[in-house]
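Trainee: Hi! Could we walk through this structure together, starting with charged side chains?
Mentor: Happy to, here it is.

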Amino acid sequence: MAVPADQGAPLRGVVHHIDLSVCDLAASAPFYEALLGFLGYTRVKQEADLHVWDLLQGGVALRAARSARLRDRYSAGLHHLAFHAADRVDVDRAYALMKEKGAVILDAPAEYPEYGAGYYAAFVSDPDGLKLEVVHFTG
């Protein structure tokens, strides 16, 4: 029998961590440090070819890519990565931070009723073209 989540068990089905391969770790690490730090993650490892940030029971790792193949989010694989925001102001602040850090802006903060009532998000690309979303959804 599973232990209820309120007794310290991990939330069943929640993503434990994600590893992202990047072409230039030196360029990507400051970008992710800014975004993940803003979202409350803490860098827990920094090696020549691996950086890791943790938040509660999960984390994000950046690894040096072994191939220079360009990304196409419409081919098989990861399309985009979305992070929860505390509220709409948090989405706006994350957007401003990413803009300040030179991120490619895909879509400024806006409502997306096609994703559900109360869906408010901003979309940017990381240095390798990975689409990232910061979203507040009250739906």
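Mentor: Let's begin with a definition: a salt bridge is a side-chain nitrogen of Lys or Arg within 4 Å of a carboxyl oxygen of Asp or Glu. This is a predicted model, where local features need pLDDT of at least 70 and side-chain atom pairs count only at pLDDT 80 or more, while totals for chains, interfaces and linings use all residues. Residues are numbered from 1 along each chain as its sequence is written, and side-chain values use heavy atoms, leaving out hydrogens and water.

Trainee: Okay, how many salt bridges does that rule count?
Mentor: The count comes to four salt bridges. One of them joins Glu 33 and Arg 43, with the closest N and O atoms 3.0 Å apart. Glu 33 lies in helix H1 and Arg 43 in strand S2, so this pair ties together parts that are ten residues apart in sequence. Helices (H or I, at least four residues) and strands (E, at least two) are DSSP runs, numbered from the N terminus.

Trainee: Is Glu 33 buried, exposed or partly exposed?
Mentor: Glu 33 counts as partly exposed because its relative accessibility is 31%. Buried means under 20% relative accessible area, exposed over 50%, and partly exposed in between (1.4 Å probe, protein chains only). Arg 43 is partly exposed as well, at 25%.

Trainee: Which residue forms a salt bridge with Glu 111?
Mentor: That is Arg 88, with the closest N and O atoms 3.1 Å apart. Glu 111 is in strand S6 (residues 104-111) and Arg 88 is in helix H2 (residues 88-100), so the pair ties together parts 23 residues apart in sequence.

Trainee: And what about Arg 93 and Asp 90?
Mentor: Their side chains meet in a salt bridge of 3.6 Å, N to O. The two are three residues apart in helix H2, so about one helical turn separates them. Arg 93 is partly exposed at 49%, whereas Asp 90 is buried at 12%.

Trainee: Switching topic: what is the strand order in the open sheet?
Mentor: Four strands form it in the order S1-S4-S3-S2, and the pairing is mixed. The edge strands are S1 (17-22) and S2 (42-47), each pairing on one side only. Two strands pair if DSSP finds at least two bridges between them.

Trainee: In which sense do S2 and S3 pair?
Mentor: S2 and S3 (residues 50-55) pair in the antiparallel sense, over five bridges. As an example, Lys 45 has Val 52 in S3 as its bridge partner.

Trainee: Which strands does helix H1 lie across?
Mentor: Helix H1 (residues 25-38) lies across S1, S2, S3 and S4 (58-64), and runs at about 10° to S3. For that angle, axes are lines fitted to C-alpha atoms, for helices over the stretch in contact, and angles run from 0 to 180 degrees between N-to-C directions. Contact means heavy atoms within 4.5 Å.

Trainee: Last topic, Glu 133. Where does it lie?
Mentor: Glu 133 lies in strand S8 (residues 131-137). Glu 133 is buried yet has no salt bridge, and the nearest side chain of opposite charge, Lys 131, is 6.6 Å away. On charge, Lys and Arg count as positive and Asp and Glu as negative, with His and the chain ends not counted.

Trainee: What about Leu 132, buried or exposed?
Mentor: Leu 132, also placed in strand S8, counts as buried because its relative accessibility is 2%. Leu 132 and Leu 81 are 51 residues apart in sequence and 5.0 Å apart in space, C-alpha to C-alpha.
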